[in-house]
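Hello,

Here is the structure I promised to hand over. Please have a look at it first; my notes on what turned up follow below.

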Amino acid sequence: FLGIIPGATILRGDVGVLGPEAISQLETSYNTKLTSNVVSARFDAPRVALGRLGRGKGGLLNIKVGPVSAVQLDTTYLDEHIRISRGASRGTPFVFTATTDTQASLWKSIHERKPLSARAVGYPLLFIGGFLAAGAKQLISSRAVFAALVLALGLKLTFSTGGIVVEKRTKDGVVVPPTNA
């Protein structure tokens with residue numbers, strides 16, 4: 001975190017290959033043309049871990065930030081080092097690279113540790129930020145600035161979807177596209 005505290009962000013998932021019928025349904029649903037190299041990836045909620053990692057340590061602070069998610073990926077390029085895919089629904093590019101770095105397995109210790117919910121961390125930060133702000137004697141002071149930062153972090157953790165676009169549905173099951181606010 002800011003080069004001071006060790007940490008990591010992970011998004012663990014499972015992948016399954018889609019057959020021709022499922023690909024055809026996606027093409028119809030999203031009004032797009034896909035190759036035969038489409039997979040469906042289902043992800044756990046994103047995790048952020050701060051603190052010492054590795055050797056069975058999943059970070060001092062291990063937070064679940066957002067919902068579970070799924071995406072269909074159409075692989076357009078693949079070799080032994082890189083995979084380039086596009087999201088089937090919006091064409092968002094995904095670039096995956098292979099690695100032999102020993103750090104690449106650190107995600108396991110993070111995933112094995114029971115996480116806190118973002119709200120379990122966010123609500124106390126909102127309380128602490130409010131307490132600090134109430135005690136600030138001047139609007140422009142180091143205490144007021146620190147209070148504002150704590151409040152902003154608390155709000156972000158409390159109401160964040162972890163960067164995941166959450167599709168909303170009407171009562172009839174119709175998907176409402178997300179707005180770009």
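Strands and helices are DSSP runs numbered from the N terminus (E of at least two residues for strands, H or I of at least four for helices). Strands 9 and 10 run antiparallel to each other and share 5 bridges; two strands count as paired if DSSP finds at least two bridges between them.

A word on provenance: this is a predicted model, so local features need pLDDT of at least 70 and side-chain atom pairs count only at pLDDT 80 or more, while totals for chains, interfaces and linings use all residues. Residues are numbered from 1 along each chain as its sequence is written, and side-chain values use heavy atoms, with hydrogens and water left out.

The mean pLDDT (the predictor's confidence in each residue, from 0 to 100) is 78 for the protein, with 79% of residues at 70 or more.

How many salt bridges does a search of the whole structure find? There are 3, each defined as a side-chain nitrogen of Lys or Arg within 4 Å of a carboxyl oxygen of Asp or Glu. Arg12, Asp14 and Asp44 form a network of them: Asp14 to Arg12 at 3.1 Å, and Asp44 to Arg12 at 2.8 Å. Asp44 sits in the loop between strand 3 (38-43) and strand 4 (47-50), and Arg12 in the loop between strand 1 (7-10) and strand 2, so this pair ties together parts 32 residues apart in sequence. Lys33 and Glu27 also meet in a salt bridge, at 3.5 Å. Lys33 is exposed at 69% relative accessible area, whereas Glu27 is buried at 18% (buried is under 20%, exposed over 50%, partly exposed in between; 1.4 Å probe, protein chains only).

Finally, Asn62 in strand 7 (residues 61-64) is buried, with a relative accessible area of 2%. Residues that Asn62 touches include Val48, Ile110 and Leu116.

Best wishes

Terms used. Contact means heavy atoms within 4.5 Å. Lists of a residue's contacts leave out its neighbours within four places in sequence.
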